[in-house]
Amino acid sequence: MEVRWIGVEPLRLGPPYTAVGLIFSLLLGVWSAQALEMIVGKIPFLEAVNGSTVMLPCTYASCIGIENLYFNWQFNDNGTMHKVCDSVITAEGVVPDVNIYRDRVEFVGKNIKNNVSILLWNITFEDGGLYTCFGRNPKEKYKNHSAIFNLIVVDELRVVDNTLTIMIASAVGGAIAAMMGFMLLKNFTIFVLAKLEEKNKECLVSSSGIDNTENGLSGSKADSKPTPKKK
């Protein structure tokens with residue numbers, strides 16, 4: 001008895017389904033581009049001396065605008081999140097009434113150019129750690145967005161040894177100077193050789209004219225005698 005296996009081809013999406021998927025992907029990309037973004041700067045950390053005053057930067061951006069934007073700052077204390085401050089921004093440019101939950105904290109952003117930064121006065125080692133700038137825009141169906149900033153508190157700032165950097169910069173600068181000197185010397189040498197070659201050509205032409213004059217050739221200054229007439 002012969003047993004035959006019948007294969008079943010997987011379901012393939014036709015052109016209409018492919019077009020729908022492409023349109024959905026494009027719409028998702030446009031929506032992502034319009035989403036709220038919380039920004040803590042290009043360098044999301046700061047090393048500061050114990051007892052100093054530091055600013056924790058944060059701004060927000062949204063292509064579709066904001067309306068009753070909720071934001072807060074939170075401090076991660078060994079895995080436990082403690083709220084530092086929070087408020088609701090009714091519209092762009094409006095200064096919010098901020099609630100402060102910790103000592104030595106001041107809201108300095110004032111929502112100027114979407115700035116929601118805070119200031120920490122007289123920091124201690126206990127203030128070091130991860131701070132989260134959080135935002136939620138009702139226009140995006142209350143989606144959450146956040147960015148993390150790391151504050152490092154030290155006794156004193158480390159002195160960076162720039163000896164290696166200076167040596168590398170000096171070597172690179174010396175190499176560039178040597179290359180420029182070589183190019184200048186090369187161009188000067190080519191210029192001198194061109195002038196010598198030109199002078200040699202002039203000498204050859206002059207000597208050729210003198211030889212023609214001495215041999216009485218055409219174009220020379222030698223006296224030519226008329227041809228005698230036949231009687």
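Student: How many disulfides does the structure hold?

Tutor: The structure holds 1 disulfide, a disulfide being a pair of cysteine sulfur atoms within 2.5 Å. The model is a predicted one, in which local features need pLDDT of at least 70 and side-chain atom pairs count only at pLDDT 80 or more, while totals for chains, interfaces and linings use all residues. Residues are numbered from 1 along each chain as its sequence is written, and side-chain values use heavy atoms, with hydrogens and water left out.

The disulfide is formed by Cys58 and Cys133, whose sulfur atoms are 2.0 Å apart. The torsion about their S-S bond is about -85 degrees, so the disulfide is left-handed. Cys58 lies in the loop between strand 3 (54–56) and strand 4 (59–61), whereas Cys133 lies in strand 10, so the pair ties together parts that are 75 residues apart in sequence. Helices (H or I, at least four residues) and strands (E, at least two) are DSSP runs, numbered from the N terminus. Both Cys58 and Cys133 are buried; buried means under 20% relative accessible area, exposed over 50%, and partly exposed in between (1.4 Å probe, protein chains only).

Two further cysteines deserve mention. Cys85 is buried, with a relative accessible area of 0%. The cysteine sulfur closest to that of Cys85 belongs to Cys133 and is 8.4 Å away, too far for a bond. Cys63, by contrast, is exposed, at a relative accessible area of 64%.

Strand 10, which holds Cys133, belongs to an open sheet of 6 strands in the order 2-11-10-5-6-7, with mixed pairing. Two strands pair if DSSP finds at least two bridges between them. The edge strands are strand 2 (45–49) and strand 7 (99–100), each of which pairs on one side only. Strand 2 runs parallel to strand 11 (residues 143–154) and is joined to that strand by 5 bridges.

Rings of Phe, Tyr and Trp (its six-membered ring) pair if their centres lie within 6.5 Å; planes under 30 degrees apart count as stacked, over 60 as edge-to-face and the rest as tilted. By this rule the count comes to 3 aromatic pairs. In one of them, the rings of Tyr70 and Phe134 have centres 6.2 Å apart and planes at 65 degrees, so the pair is edge-to-face. Tyr70 lies in strand 5 (residues 69–77) and Phe134 in strand 10 (residues 129–137), so this pair ties together parts 64 residues apart in sequence. Tyr70 is buried at 18% relative accessible area, and Phe134 is buried at 12%.
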